[in-house]
Amino acid sequence: MRLVEDLQMVFPKLDLTPTIESTMIKLAEEVGECSEIVGKVRGMSGEDRKSVLLKLLSRDMGREIAEVMSRQVEIEADALTAITQKYQKLRDRVQAQELGDQEIQARIARELLDVMQTCATFMYQLDVDLDKLLEEHQEKLIRRGYLKQI
Ligand SMILES: [Mg+2]
């Protein structure tokens, strides 16, 4: 039971009732978000890095506003102002090309965490002996030489 408990400590079972299909769609979505940063923001798609970043910031800002508005009926102007100011500062930094590689890597890491959480959420829905499968997985990694004994 140790490995599953460790997994659940880092990527908990969510208070949701997802289906395998909805989780698969979510996983594809999160992989897409991660790919977008890895490819587009790092200039591998041929698109202008600044335009890509500004688009991503607009989307993030929209999501943050939607989150705030979903928690309340009344529109809280102060909360919207704070979000607007936060994103204006980020947009200014993008314009000035001040957004460094470390911040881009942090964005990639955040998306990877979304991917990992979604993978865990997917796994928890399967009727399998996950501890046994995790042990088999580790044994496979060791057998193939990808990992030394744990
Ligand atoms: Mg995401």
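Helices here are DSSP runs of H or I with at least four residues, numbered from the N terminus. The model shown in every view is predicted.

**View 1. The loop at Gln97.** Gln97 sits in the loop that lies between helix 4 (77-95) and helix 5 (101-124). The phi angle of Gln97 is near 55 degrees, which is a positive value in a residue other than glycine. Gln97 counts as exposed because it has 10 C-beta neighbours inside 10 Å, and a residue with 12 or fewer is placed in that class.

**View 2. Helix 2 and the glycine after it.** Helix 2 covers residues 20-41, which makes 22 residues. At 1.5 Å a residue, a helix of this length should span 32 Å, and the C-alpha atoms at its ends are 31 Å apart, so the two values agree. Gly43 follows helix 2 and has a positive phi, near 80 degrees.

**View 3. Helix 2 packed against helix 5.** The axes of helix 2 and helix 5 are 9 Å apart, and the packing angle is about 165 degrees. The two helices are therefore roughly antiparallel to each other, because angles over 145 degrees count as such. The crossing of helix 2 past helix 5 is left-handed. On the side of helix 2, the residues in the contact include Leu27, Val31, Cys34, Ile37, Val38 and Val41. On the side of helix 5, they include Ile104, Ile108, Leu112, Val115, Cys119 and Phe122. Charged residues take part as well, among them Lys26, Glu30 and Glu33 of helix 2 and Arg107, Glu111 and Asp114 of helix 5. By class, the contact has twelve nonpolar, three polar and six charged residues.

**View 4. Thr23 and its contacts.** Thr23 belongs to helix 2. Leaving aside residues up to four places away in sequence, Thr23 touches Pro18, Thr118, Thr121, Phe122 and Gln125. Between Thr23 and Gln125 there are 9.4 Å in space, C-alpha to C-alpha, although the two are 102 residues apart in sequence. Thr23 is partly exposed because 19 other C-beta atoms lie within 10 Å, while a buried residue would need 20 or more.

**View 5. The loop at Val73.** Val73 is part of the loop between helix 3 (49-70) and helix 4. Val73 has 5 other C-beta atoms within 10 Å, so it is exposed. The C-alpha atoms of Val73 and Arg63 are 17 Å apart in space, and these residues are ten apart in sequence.

**View 6. Met116 in helix 5.** Met116 is a residue of helix 5. With 14 C-beta neighbours inside 10 Å, Met116 counts as partly exposed. From Met116 to Tyr146 the C-alpha distance is 20 Å, across a sequence separation of 30 residues.

How values were computed. Residues numbered from 1 in each chain as written. Predicted model: local features only at pLDDT ≥ 70, side-chain atom pairs only at ≥ 80, totals over all residues. Expected span 1.5 Å × (residues − 1). Axes fitted to C-alpha atoms, helices over the stretch in contact; angles between N-to-C directions. Parallel < 35°, antiparallel > 145°, perpendicular 65-115°, else oblique. Left-handed = near helix turned anticlockwise from the far one by under 90°. Contact = placed C-beta atoms within 7 Å.
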